[in-house]
Number of protein chains: 4
Amino acid sequence: MMGRLQEEKVFKDPVHRYVHVRDTLIWNLINAREFQRLRRIRQLGTSYVTFHGAEHSRFNHSLGVYEIMRRILSNFSRRSNFVITEEERLLCLSAALLHDIGHGPFSHSFEKVFHTDHEEWTQRILTGNTQVNAVLRRVSDDFPEKVAQMIGKTYPNKLLVSLISSQIDADRMDYLLRDSYYTGTSYGSFDLERVLRVLKPYEDKVVIKHTGMHAVEDYIAARYQMYWQVYFHRVTRSAEVILRNIFARVRYLHESGYSFVHNPKRFMPLFSGTMTIEEYIALDEATVLYYMSEWSEEADEVLRDLCHRFMDRRLFKYVEHDENADNPQEMQELKNLFAAIGIDPDYYLGVDSPSDLPYDVYRSGEEGERTPIYLLMPDGDLKELSRCSVIVEAISGKRRYDHKLYFPLDFLEDGTRDQAIVQEIKRRLCI
Amino acid sequence: MMGRLQEEKVFKDPVHRYVHVRDTLIWNLINAREFQRLRRIRQLGTSYVTFHGAEHSRFNHSLGVYEIMRRILSNFSRRSNFVITEEERLLCLSAALLHDIGHGPFSHSFEKVFHTDHEEWTQRILTGNTQVNAVLRRVSDDFPEKVAQMIGKTYPNKLLVSLISSQIDADRMDYLLRDSYYTGTSYGSFDLERVLRVLKPYEDKVVIKHTGMHAVEDYIAARYQMYWQVYFHRVTRSAEVILRNIFARVRYLHESGYSFVHNPKRFMPLFSGTMTIEEYIALDEATVLYYMSEWSEEADEVLRDLCHRFMDRRLFKYVEHDENADNPQEMQELKNLFAAIGIDPDYYLGVDSPSDLPYDVYRSGEEGERTPIYLLMPDGDLKELSRCSVIVEAISGKRRYDHKLYFPLDFLEDGTRDQAIVQEIKRRLCI
Amino acid sequence: MMGRLQEEKVFKDPVHRYVHVRDTLIWNLINAREFQRLRRIRQLGTSYVTFHGAEHSRFNHSLGVYEIMRRILSNFSRRSNFVITEEERLLCLSAALLHDIGHGPFSHSFEKVFHTDHEEWTQRILTGNTQVNAVLRRVSDDFPEKVAQMIGKTYPNKLLVSLISSQIDADRMDYLLRDSYYTGTSYGSFDLERVLRVLKPYEDKVVIKHTGMHAVEDYIAARYQMYWQVYFHRVTRSAEVILRNIFARVRYLHESGYSFVHNPKRFMPLFSGTMTIEEYIALDEATVLYYMSEWSEEADEVLRDLCHRFMDRRLFKYVEHDENADNPQEMQELKNLFAAIGIDPDYYLGVDSPSDLPYDVYRSGEEGERTPIYLLMPDGDLKELSRCSVIVEAISGKRRYDHKLYFPLDFLEDGTRDQAIVQEIKRRLCI
Amino acid sequence: MMGRLQEEKVFKDPVHRYVHVRDTLIWNLINAREFQRLRRIRQLGTSYVTFHGAEHSRFNHSLGVYEIMRRILSNFSRRSNFVITEEERLLCLSAALLHDIGHGPFSHSFEKVFHTDHEEWTQRILTGNTQVNAVLRRVSDDFPEKVAQMIGKTYPNKLLVSLISSQIDADRMDYLLRDSYYTGTSYGSFDLERVLRVLKPYEDKVVIKHTGMHAVEDYIAARYQMYWQVYFHRVTRSAEVILRNIFARVRYLHESGYSFVHNPKRFMPLFSGTMTIEEYIALDEATVLYYMSEWSEEADEVLRDLCHRFMDRRLFKYVEHDENADNPQEMQELKNLFAAIGIDPDYYLGVDSPSDLPYDVYRSGEEGERTPIYLLMPDGDLKELSRCSVIVEAISGKRRYDHKLYFPLDFLEDGTRDQAIVQEIKRRLCI
């Protein structure tokens with residue numbers, strides 16, 4: 001097993017003041033190229049088009065999750081009912097640091113179109129021929145596999161797994177605070193130190209001391225606010241719709257034999273399904289943005305226009321769209337109207353709703369895998385959080401939707417289209 | 001002249017809380033593609049390798065400078081001795097917003113190697129065939145030229161020029177606060193609202209009400225701290241040395257007829273000296289990072305290695321290096337020793353000193369162009385700041401150096417080199 | 001009417017950065033002795049015994065409410081549908097500044113025991129022979145009366161009244177932020193600038209632009225958190241119980257003809273019901289604390305002990321106490337047990353529940369006087385907030401209780417009492 | 001020796017987030033009545049008349065100093081060259097917590113007039129018949145004496161003494177951050193965690209790792225700014241002048257046999273020189289403010305007026321006053337002029353200069369007792385800070401003065417005085 005650094009290293013961090021590294025293992029993981037690559041993947045994808053401050057990377061966030069994990073373990077280690085081996089301590093820290101290592105560029109849209117899965121890539125990077133793997137293997141031969149299990153939630157020790165993946169884990173705590181900080185909003189702030197103080201190991205769970213009920217309630221409310229105020233922001237979703245359509249168009253063009261002036265060679269393994277780790281690692285956001293800039297000069301008009309829109313932030317407008325109420329025929333007619341004036345509805349009429357995004361505001365017991373948050377009552381009983389908190393109860397188990405229909409208003413108003421059809425479209429969109 | 005927006009727009013900003021836009025002109029400038037491109041140029045270049053939080057863009061900063069200018073003008077407009085036309089108000093706001101529009105990727109290193117000049121490109125973008133120019137021209141035909149003059153400091157109204165370019169201007173005030181915020185350091189913080197309150201228009205100058213002396217002193221000290229603690233950080237400079245050498249190697253390879261597997265086509269106009277605005281605009285940091293990733297697979301070993309170093313953050317180490325004390329012969333001998341063990345000293349032995357960087361901590365009267373800061377005393381006299389403040393006096397007019405010699409320690413220790421020579425090198429470097 | 005100050009005055013304020021004063025009227029009100037007296041009345045009464053940072057005064061808060069009102073009016077004045085006379089502008093500012101002018105020392109306990117009413121005293125101070133009244137009268141003869149009406153909610157313009165007294169008014173906005181800041185908790189924070197931006201005058205109401213729903217929801221949740229985490233904190237309530245009993249004991253002693261060594265002469269007019277404004281003004285917290293220190297040397301043991309407890313922070317402990325479930329006979333038996341071991345239950349056994357305190361977390365329509373918060377929807381309709389927000393809906397109209405029984409555990413454990421009875425008491429209290 | 005608490009206690013603190021208490025000793029000290037009394041003594045005396053936020057108490061600050069000391073010892077304990085016994089650890093923590101225990105109300109003015117000395121009272125409280133003493137004695141019989149030595153700087157271990165009393169000690173670090181926080185100014189902020197990281201025990205000193213030079217420089221500059229912007233603020237000094245004169249008048253009246261309607265009995269032992277600890281403890285700021293309010297109704301016009309001025313914040317105005325330049329005769333003439341129009345110059349004409357206040361911005365080696373700050377250089381040498389920092393060098397060893405002459409402008413302008421003399425006074429004061 002690797003030892004301690006001669007001298008503690010620190011990273012200046014705006015959220016946690018300092019990130020402290022004392023283990024050689026952690027230091028080496030941070031310096032592995034697959035981890036450094038996270039500097040070239042933004043934490044919030046396209047959110048920066050709405051919140052210009054949100055330009056921070058997953059590197060940034062990953063250090064933060066590690067730091068919170070370090071503090072949790074340090075707190076727990078003072079308790080008599082918590083015993084952890086040195087290997088498991090390193091396991092927790094490594095898993096916290098590496099939990100996002102498999103993320104690709106603009107993950108949400110990318111995965112949707114190309115059917116990649118960042119969790120699968122995380123497993124491959126941890127266990128494949130990588131620098132990260134080589135560093136982990138220095139602990140023990142099966143250590144990379146154990147880290148993969150921790151992140152994949154199959155590691156036998158449920159208590160440790162829940163520190164990185166649960167309704168109240170190091171990952172979420174960090175991203176709420178961090179995304180709040182960088183966007184400049186206050187919605188995601190909560191009292192981290194208080195929450196860490198009331199977290200207790202209890203059998204195979206992490207539970208909350210009952211005196212901390214309001215602190216955790218505040219954390220859940222912060223989460224809810226961040227989803228609606230930041231993560232699901234309509235302008236961000238407009239950029240997301242465009243990005244998704246760019247990817248889809250590229251795939252379509254490739255499949256239909258279009259000859260690219262600027263061949264997106266790094267995307268090819270995606271199409272052929274032969275992508276290696278090496279190739280995946282090279283696919284960062286700089287690459288996507290570079291290609292987008294190349295594509296903005298392609299012959300294909302749709303691709304060219306969408307790329308310009310994304311780069312120059314000429315986004316789609318939106319109107320309310322109740323997917324359930326609307327009948328499919330009306331939607332089809334709208335598409336026909338778009339087509340009739342030369343606007344391809346496959347790329348210029350997009351429905352988006354936040355439930356497409358990983359929405360998991362706390363719902364008690366809804367899904368098997370989702371462990372509820374328990375309060376440890378003075379009498380030693382456990383009580384599920386939403387039974388104690390009216391606020392959590394109100395949010396729990398309710399899926400909220402915010403369906404919107406996105407389209408290029410500027411096209412409709414550029415004066416080059418059949419005015420009668422444009423008017424009909426506007427009438428139907430109520431604009 | 002363009003009018004007001006129907007409804008004020010705001011940007012959520014972590015530093016100023018909100019950036020307020022009420023003029024159609026400003027709104028349109030922000031949406032121009034040349035301005036949106038600033039999202040793809042980082043404010044602090046390579047500083048993010050040291051301070052992971054410093055991933056913010058020049059877009060971010062430019063909005064902030066605009067906002068400070070807006071507040072200054074709003075304060076001034078309440079004073080009887082300040083009269084400004086509507087055109088000049090827009091001029092100040094536009095100049096504040098666009099002052100960095102000509103910046104290229106990783107400007108410091110880029111300009112040093114390729115001899116481009118961001119100030120020149122600013123002028124070209126403002127007055128050439130661009131969206132920014134088209135928007136500005138809607139105010140009046142000579143408005144783009146006036147904005148260029150404001151930024152170029154040749155506009156006749158010295159008072160207005162000094163709001164954007166002086167020892168205490170909107171640009172500096174914003175970057176100190178913003179770079180502090182994103183790095184997570186507190187060194188650059190000062191009381192912006194107090195400084196804005198004590199700024200007064202006075203004849204053709206902006207002066208400081210004497211009661212604000214300590215507030216301005218604090219601002220100057222904040223600036224000094226940021227230079228030494230952040231901007232000139234040795235680890236950042238190590239990355240800068242590597243980046244410079246990457247650029248130099250690319251230029252060298254091109255000039256020596258090397259055949260690139262991955263031709264950096266967007267760099268070609270740099271070599272031929274024929275770069276158009278369109279081509280310059282396309283040269284953002286995504287492009288440079290993408291090329292770097294391509295170059296990391298080139299046949300040329302030096303280029304390949306340097307690119308890997310930069311991307312994976314395997315930086316050079318450094319030792320003290322007193323340029324004046326050292327005699328040139330010793331340096332030559334050191335280079336020869338490097339060459340003797342197969343390490344090209346042109347790319348692997350770099351001297352860097354902060355005075356190479358635009359260091360301009362306040363020096364009264366040293367350079368003609370640099371207007372001193374004046375305090376307006378109770379008796380109506382003006383008194384130069386460093387005559388009142390011992391701290392400013394201490395910093396003024398003194399150039400400090402921090403010469404360092406950068407080199408790849410890992411090469412020396414990789415066990416493949418002639419040990420006698422390695423030992424001799426180490427002896428000379430005192431490591 | 002009084003004019004503008006020659007030069008704007010500012011107060012450095014931790015919450016709003018600066019409080020800006022431009023009107024001579026406001027400047028003179030701040031300098032009136034009745035307003036300066038608010039420096040000697042703490043904003044949060046006894047909360048400082050729990051949160052040592054909460055030592056701020058009502059002077060502090062009153063300036064903040066004024067500043068928020070100033071900003072609201074400044075925002076509104078840019079809207080075409082808002083017209084306000086200069087007198088009404090001054091009226092709003094004065095009412096905001098003076099809304100707490102009638103508060104006495106440790107109001108909650110004080111008013112409960114002595115049956116004074118700070119609202120009534122506010123009216124007397126505004127309209128009686130005071131410096132504040134003299135300053136107000138310089139605007140117009142009926143101006144003091146109008147300010148009194150604004151604060152008393154009887155002023156005809158409901159829109160203006162609601163700016164200072166409603167579910168989302170300048171008073172609450174300031175105290176949430178301010179009490180958060182001084183206690184050092186983050187629970188009360190919300191995005192003030194955003195809330196101010198979405199507040200709109202609409203007929204005789206202030207409504208919320210629908211896009212601001214989540215911002216207001218966050219404000220309501222902040223309020224809820226502050227009540228449970230700060231204002232109703234059990235330790236604070238323990239101090240409050242003791243304080244109340246001190247006041248009650250003093251009244252009792254006076255009424256029963258006890259001869260005080262240190263006669264609390266400033267309390268006498270309270271007993272006789274003849275208190276003048278002058279006498280009320282003199283009754284600040286310094287006076288109460290001084291008397292308490294004197295009383296801690298009185299012959300009466302109960303008074304002496306309670307005063308020592310309060311000053312030296314030897315508070316009562318508490319147990320759960322379900323007032324409804326408990327039968328009165330059990331309570332009487334407990335009192336008898338206390339009495340049997342020489343502990344006077346009237347002063348040493350106190351039930352406290354937060355609903356005794358002014359609890360008014362938003363409840364739609366429950367009480368006639370409480371105007372609901374309306375959202376202004378895109379179609380121009382008004383929609384009551386709790387119909388749009390599940391969180392507000394969850395909190396609305398539900399009174400929560402936290403009944404506790406407070407008692408001196410140290411007395412039970414001092415070893416001087418009949419152990420059998422002590423054990424029986426402990427058994428009944430479940431301790 | 002006392003042990004650990006069963007469960008760690010925390011105090012929510014705005015500056016350090018939480019103050020952590022694990023030792024029974026510390027918990028008991030905090031609950032001692034002499035320590036609780038510090039809640040009734042403000043940290044910044046009269047500063048609250050200028051900065052309304054500065055209402056925090058010495059209780060508040062004392063907890064902060066303790067917390068910083070706790071962190072320093074926790075950092076040091078990880079170093080091999082630092083060995084400390086359990087008793088000495090408790091000694092450091094106790095001394096940090098109790099260092100201000102002897103402070104009286106409004107110490108600066110109080111001590112000046114009544115010739116008390118808070119350091120002497122600290123010794124008496126620690127070693128006399130007090131609750132604090134009783135708690136300390138439970139560690140060992142000579143423990144109270146050792147704490148007294150630590151605070152009095154006579155304890156043999158110089159290293160430990162310097163943690164609480166040196167140019168860079170826990171006391172100063174806390175008050176800069178705390179006073180900044182409560183005043184709402186940013187001037188006193190510095191990077192506490194970085195400073196704590198670079199502090200190293202070294203032989204009998206605490207030294208600074210050379211890489212921390214700029215962090216310490218920033219701390220020194222913060223200190224300098226706080227002195228000039230907050231502690232020596234001219235408005236605060238005006239209140240201080242009035243307060244001093246109130247005390248002086250009371251003493252004078254007592255000495256001249258004046259018969260007080262409201263006898264200030266708690267001041268009597270001051271006059272007779274017989275004050276007991278018990279009596280001193282009772283003399284808090286509530287008492288002084290209560291007396292002041294009583295005195296504002298005395299027959300003596302001077303006392304009455306001064307008390308009204310202080311309570312209602314009708315302060316003296318000031319003009320520049322160069323004590324050295326002025327000749328004593330001119331001052332005497334001015335006094336005569338004041339006297340001639342019935343204004344007693346002994347109470348209404350006050351010279352104040354910050355050097356009267358405890359001014360100790362870093363001066364290297366000027367006074368024997370003041371240990372310089374040393375940097376630990378890479379070669380193991382120690383280098384005095386001002387030799388490395390131009391900013392510290394600029395501030396070092398230079399006493400700055402800001403002499404002002406304070407007087408009641410309102411008296412001169414009340415229209416009841418001989419106008420010729422008033423004009424002559426104004427001419428001499430240049431107003």
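Student: What makes the crossing of α16(C) and α17(C) left-handed or right-handed in this predicted model?

Tutor: α16(C) passes α17(C) in a left-handed crossing. A crossing is given that name if the near helix is turned anticlockwise from the far one by less than a right angle.

Student: Why are α16(C) and α17(C) called oblique to each other?

Tutor: The axes of α16 (residues 285–295) and α17 (residues 301–312) of chain C cross at roughly 130 degrees and come within 8 Å. Angles over 145 count as roughly antiparallel and 65 to 115 as roughly perpendicular, the rest between these being oblique; α16(C) and α17(C) are therefore oblique.

Student: Which residues of α16(C) and α17(C) meet?

Tutor: From α16(C), Met292(C), Ser293(C) and Trp295(C) meet Leu303(C), Arg304(C), Cys307(C), Phe310(C) and Met311(C) of α17(C). By class, this contact has six nonpolar, one polar and one charged residues.

Student: How do you know what relation holds between chain B and chain A?

Tutor: Chain B is superposed on chain A by a rotation of 180 degrees with 0.0 Å of shift along the axis, at an RMSD of 0.0 Å. That is the relation of a two-fold axis. The same surface serves both copies, since 100% of the contact residues of chain B recur in chain A.

Student: Which helix supplies the largest share of the side of chain B that touches chain A?

Tutor: In this contact, 32 residues of chain B face 32 residues of chain A. The largest share of the chain B side, five residues, comes from α16(B). By class, that side has twelve nonpolar, twelve polar and eight charged residues.

Note on methods: Residues numbered from 1 in each chain as written. Chains lettered and ligands numbered in written order. Predicted model: local features only at pLDDT ≥ 70, side-chain atom pairs only at ≥ 80, totals over all residues. Least-squares fit on C-alpha atoms with pLDDT ≥ 70 in both. Contact = placed C-beta atoms within 7 Å. Axes fitted to C-alpha atoms, helices over the stretch in contact; angles between N-to-C directions. Helix = DSSP H or I, 4+ residues; strand = E, 2+ residues; numbered from the N terminus. Parallel < 35°, antiparallel > 145°, perpendicular 65-115°, else oblique. Nonpolar A, V, L, I, M, F, W, Y, C, P; charged D, E, K, R; others polar.
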